[in-house]
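Subject: A structure for you to look at

Hello,

I am handing over the structure we talked about, and my notes on it follow below. Please open it alongside this email as you read.

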Amino acid sequence: MPSRRKWFHLYPNERIKNDNIINTFDYNKLAILKRIKYDIKNGTNAPYLEKLLDFCKKVVSIVESPSFSFTQPITIPKIKKISNGEVECRPISVFTPLEEYVVLTLANKFLTKLLDNDFYEEALAFRALRSYHEQNGIITTHHDAIKTILRFRDCFEKRNIYVAECDMQKFYDTVGHNIVRKAFYGLIRKHEKGIGHDAYKSIKRIVEAYLRCYSFPQNVLCYNHNPEYWRSHKIANGKFSWIKELDVPVSYKSYLTFRKAKVGIPQGGALSGLFANIVLNYVDQIVSSHLTSHDLYIRYCDDMILLSTNKRRCEKLFKIYSSALEEVHLIPHKPKSNYIYNRKSFWDCKTKEVYKWDIASDSNPEWIGFVGYEIKRNGDVRIRKSSLSKEIKKQKDYVNNLIRKIGKNDCVGAGTLRESCINHLISMSVGRVKLWNAAKIANELCWINGFRELRYGNRVKIQIKELDYYRNRTISIAKHKFVELTGVGKVKSNKENEHRRDIISRYGKPYSYYYHFSRIVEKKRK
């Protein structure tokens, strides 16, 4: 790529997209592309162009090579939860070298577009641009799931509504490779003539190479017996968890056979989301064939919610769904029979058998939860409590990790770390906000954008203001901790005093969750 100082600046009209200022990622991408197009058009002999051409040739050679295989991905442990002194981690796969990562990304883009029309309409994750409920050219997200549920509630506001929910155990870690192959070839054969024989062979090779490079039992579970691996990632008592032996279905014959099987697709790999849709599309088609106009079945990756105006039909559909899961050897969380509605035991249960979505009842819940949101029977929408807790914890963890770096790297001063801390906390909360763009920023790639379907209500206002309180408190604690550990940051001059006031000013309206939440809601109303 061209060096940073050679990137082109964008004109004001190039920085606007859908009446919003584009984010930094899109700005940089356009600035680089503008430079590359200029150099190619004018025939400049920039050294980076030759390197870029060589890189493109490597990508092409990978696609055309009959014997190509992907390098085994690097497994990075991401802490999921801590229980009884053990740190349960999620295995995140990182593919290197870069040309292999690019091949996977391009293959995913090609297949997602090619197979999209074969998928169930209400499967909302990892889809291509499409028309959805009178919206043209959109990529569906978890927000669309909430809007669809609310539309269903509005249609049957005066009718009883029954709900069932299901979530998989270790979905990405337990998907069988043969199940993926069978489902993939069943779909891709329909398109062989349309894409051409050579492209068909190339895409088959890439998919097979992707499956061969990874197996959860052999490539991830082995680290549970490798203390050096956990020390290198600075995680004490870390482990990658596995499903319980009692939960393995009879179809796997034995736990030992299951551990040795070729199962699991890499989390973080570009093709894994597509594989989830390919495998679960079989389940979607079976369930959707039994739906009536009084039923709604939505799937977001491996999470499912089922709504119906008839209890018996809802129970029947849930049984059909459960049977279809067994056919593809997937293992749902088992529902608990002793939870109390609207209590912690109810919300902690990931799979819930049929229950009535009621209004202000002690025997039935008035709230249902899906993809981070909670929806009340009267139409109110709020943030799920666990999502709030995760956001607050994420802020604290970031600050704690930053504080540990003080004194370990002499090249980074405490003042720089303090600035980095404040800017990062604001960025991950509401986006890369500055005073000049606060009123028009699109709030992409940040937490507040992940909950743009929230509606005004007293409970939501309290939740959002609580986030502002905890983030500002975290910033204040971090600043005092930097001063305590280094002595840097004490007021010694007017110049430094102005600097401190500038930092404190970033607690204000343009940087707050509540201000940007209000902006998003107001924009939706218009």
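L49 counts as buried because its relative accessibility is 18%, where buried means under 20% relative accessible area, exposed over 50% and partly exposed in between (1.4 Å probe, protein chains only). You will find L49 in helix α2, residues 47-64; helices (H or I, at least four residues) and strands (E, at least two) are DSSP runs numbered from the N terminus. Beyond its neighbours within four places in sequence, L49 is in contact with I36, D39, I40 and T44, contact meaning heavy atoms within 4.5 Å. M1 lies 48 residues from L49 in sequence, with 7.6 Å between their C-alpha atoms.

Before you go further, please note that this is a predicted model: local features need pLDDT of at least 70, side-chain atom pairs count only at pLDDT 80 or more, and totals for chains, interfaces and linings use all residues. Residues are numbered from 1 along each chain as its sequence is written, and side-chain values use heavy atoms, with hydrogens and water left out.

Now the chain as a whole. It has 526 residues, of which 48% count as buried, and its secondary structure comes to 19 helices and 14 strands. If you take the contacts between residues at least 6 apart in sequence, 68% of them join residues at least 24 apart. The accessible surface is about 28,600 Å², with 52% of it belonging to carbon and sulfur atoms; these areas come from the Shrake-Rupley method with a 1.4 Å probe, and for residues only the protein chains shown count as cover.

Next, two of the sheets. Strands of a sheet pair through backbone hydrogen bonds, either parallel or antiparallel; here two strands are said to pair if DSSP finds at least two bridges between them. β3 pairs with β4 (residues 86-94) in the antiparallel sense over nine bridges, and K78 stands opposite R90 in β4.

Another open sheet of three strands has the order β12-β13-β14 and antiparallel pairing. Its edge strands, β12 (367-370) and β14 (381-383), each pair on one side only. Between β12 and β13 (residues 373-376) there are four bridges in the antiparallel sense, and G369 has E374 in β13 as its bridge partner. Helix α4 (residues 142-155) lies across β12, β13 and β14, at about 10 degrees to β13; axes are lines fitted to C-alpha atoms, for helices over the stretch in contact, and angles run from 0 to 180 degrees between N-to-C directions.

Which residues line the largest cavity? They are I448, F451, R452, L454, F517, I520 and V521. A cavity is a set of points on a 1 Å grid over the protein atoms alone where a 1.4 Å probe fits but cannot get out, and lining residues have an atom within 4 Å of a point.

Happy exploring!

Definitions and conventions:
1 Å grid on protein atoms, 1.4 Å probe; cavity = no way out; pocket = protein on both sides within 12 Å on 5 of 7 lines; lining within 4 Å.
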